[in-house]
Amino acid sequence: MPAALHTPPSPALPAVSFTRWLAVGSLLGLIVLCLAWELWLAPLRPGGSWLVLKVLPLTLPLAGLLKNRMYTYRWLSLLVWIYFAEGAVRATSDSGLSAALAGIEVLLCVLLFVACALHVRIRQRAAGQEAVAADKARHAAATGAAADPVNTSSTTRP
């Protein structure tokens, strides 16, 4: 394989994988929690309520997270605050099981936000480092110089 086509594995790969699966797991947890909450555990009306439809917007980003699309992580980190606000309001206004479920919703929202924010940050940082390395390699190929020349400014001259 030519050296120009081979890119070394990113040292941030384990962190990217961890944040990806944390985001997917907390999103799935939020979906399951909202479904169970509004259908069986503590619905607003006995037998379930139409509030279960709040789960539908949460299903949209799931495919983007599984495909590792950066744009999805960005907009999901904004969408999650709607669910955080609902959880915070219901944790303070409801009682019993509903208040406990609202507290779990708040926790899952915070986990999802942190996972998305860290995922975007780590991937952007890695992309920046890869771009710098690729630029050095292009410059070296164009000029015939070494890809990482020795810093001559720090050597002493007689």
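## A charge over a ring

Which residue lies over the face of Trp-37? The residue is Lys-54, at 4.5 Å from the ring centre. This is a predicted model, and every value here is computed from it.

The charged end of Arg-20 is placed over Trp-21. The distance to the centre of that ring is 5.0 Å.

## Aromatic pairs

A pair of aromatic rings is described by two things: the distance of the centres and the angle of the planes. This structure has 2 aromatic pairs. Take Trp-81 and Phe-84. Their ring centres are 5.0 Å apart.

## The aromatic cluster

The ring pairs link Trp-81, Phe-84 and Phe-113 into a cluster. Trp-81 has 35% relative accessibility, so Trp-81 counts as partly exposed. Phe-84 is partly exposed too, at 26%. Phe-113 has a relative accessible area of 28% and is also partly exposed.

## Salt bridges

Side chains of opposite charge can pair when their charged atoms come close. The count for this structure is 5 salt bridges. One of them joins Glu-86 and Lys-54, with the closest N and O atoms 2.7 Å apart. Glu-86 lies in helix α3. Lys-54 lies in the loop between α1 (13-41) and α2 (56-66). The pair therefore ties together parts that are 32 residues apart in sequence. Both Glu-86 and Lys-54 are buried. For Glu-86, the relative accessible area is 18%. That value counts as buried because the cut-off is under 20%.

Glu-86 has another partner, Arg-90. In this salt bridge the closest N and O atoms are 3.1 Å apart. Both residues lie in helix α3, 4 residues apart, about one turn of the helix. Arg-90 has 8% relative accessibility, so Arg-90 counts as buried.

## One network

Which residue meets Arg-90 in a salt bridge at 3.1 Å, N to O? It is Asp-94. Asp-94 is partly exposed, with a relative accessible area of 25%. Salt bridges that share partners join five residues into one network: Glu-38, Lys-54, Glu-86, Arg-90 and Asp-94.

Lys-54 lies over the face of Trp-37, and Lys-54 forms a salt bridge with Glu-86.

Conventions: Residues are numbered from 1 along each chain as its sequence is written. This is a predicted model: local features need pLDDT of at least 70, side-chain atom pairs count only at pLDDT 80 or more; totals for chains, interfaces and linings use all residues. Side-chain values use heavy atoms; hydrogens and water are left out. Rings of Phe, Tyr and Trp (its six-membered ring) pair if their centres lie within 6.5 Å; planes under 30 degrees apart count as stacked, over 60 as edge-to-face and the rest as tilted. Buried means under 20% relative accessible area, exposed over 50%, partly exposed in between (1.4 Å probe, protein chains only). A charge sits over a ring if NZ of Lys or CZ of Arg is within 6 Å of the ring centre and within 35 degrees of the ring normal. A salt bridge is a side-chain nitrogen of Lys or Arg within 4 Å of a carboxyl oxygen of Asp or Glu. Helices (H or I, at least four residues) and strands (E, at least two) are DSSP runs, numbered from the N terminus.
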